[in-house]
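Q: I'm new to this one and would like to go through it slowly. Could you show it to me before I start asking things?

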Amino acid sequence: MITTPTNFERTAAWLAACGKTPNPDGLSTQIGCHLEEMTEFLDTITLESSTGITSAAMQEVSAVLKSLADNIKKGYAKAVILDREAALDALVDMDVTGNGVAYMAGFNKPEGDRRVLDANDDKMNQDGTPVILLGGKIGKREGWAPADLSDLV
């Protein structure tokens, strides 16, 4: 029986191939990367509200999160997990709710996951070494192209 690695397993293998091991500084950088992706999502939606909450409020939240993410990714601030069990619960819940959003939007998320993980694998230099940015974030090699997800939406 052939088993396909989970997204977690593929991501962990990719991080390890980039020389990343679980440690407080690397964790902080990864939290910054996670916050950055949240802002990218926030920037794709608008609000229709009868309560007075506006899209401008969402843009303000996104701007604050972008600033936090940038400072954390560059190592100017350090994010520390205070409650590991609650953090794991929240991460699992974000994965589940993210999959729910993709389902409700009619996105082909399984194929999107595969393409994005393949594109991550392609970030490595030709010699197999990673591009590491200020603060430890994994960068993109020259000539790298993001996954094309246009036919999955």
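Q: Is asparagine 71 buried, partly exposed or exposed, and why does it count that way?
A: This is a predicted model, and in it asparagine 71 counts as partly exposed because its relative accessibility is 28%, while buried means under 20% and exposed means over 50%.

Q: Where is asparagine 71 in the chain?
A: Asparagine 71 has its place in helix H3, which covers residues 55-73.

Q: And what does asparagine 71 contact, leaving aside its neighbours within four places in sequence?
A: With those neighbours set aside, asparagine 71 is in contact with Tyr76 and Ala77. There is also serine 67, whose backbone oxygen lies 2.8 Å from a polar atom of the asparagine 71 side chain.

Q: How far apart are asparagine 71 and serine 150 in space?
A: From C-alpha to C-alpha they are 31 Å apart, and in sequence asparagine 71 and serine 150 are separated by 79 residues.

Q: Changing topic, which residues form a nonpolar patch on the surface?
A: That patch is formed by Phe41, Ile45 and Val101, which together have about 250 Å² of accessible area. Of these, isoleucine 45 lies in the loop between helix H2 (24-42) and helix H3 (55-73), and it is partly exposed, with a relative accessible area of 37%.

Q: What pLDDT does the chain average?
A: The chain averages 94, and 100% of the residues score at least 70.

Q: Which elements have the lowest and the highest mean pLDDT?
A: Among the elements of the chain, the lowest mean belongs to H3, at 94, and the highest to helix H4 (residues 84-105), at 97.

Technical notes
Residues numbered from 1 in each chain as written. Predicted model: local features only at pLDDT ≥ 70, side-chain atom pairs only at ≥ 80, totals over all residues. Heavy atoms only, no water. Patch = residues over 30% accessible without salt bridge, like charges linked within 9 Å, V, L, I, M, F, W, Y side chains within 5 Å. Areas by Shrake-Rupley, 256 points an atom, 1.4 Å probe, with all protein chains shown as cover. Salt bridge = Lys/Arg side-chain N within 4 Å of Asp/Glu carboxyl O. Helix = DSSP H or I, 4+ residues; strand = E, 2+ residues; numbered from the N terminus. Buried < 20%, exposed > 50% of the residue type's maximum accessible area, 1.4 Å probe, protein only. pLDDT = per-residue confidence, 0-100. Contact = heavy atoms within 4.5 Å. Polar contact = N/O pair within 3.5 Å; in protein donor to acceptor, adjacent residues only side chain to side chain.
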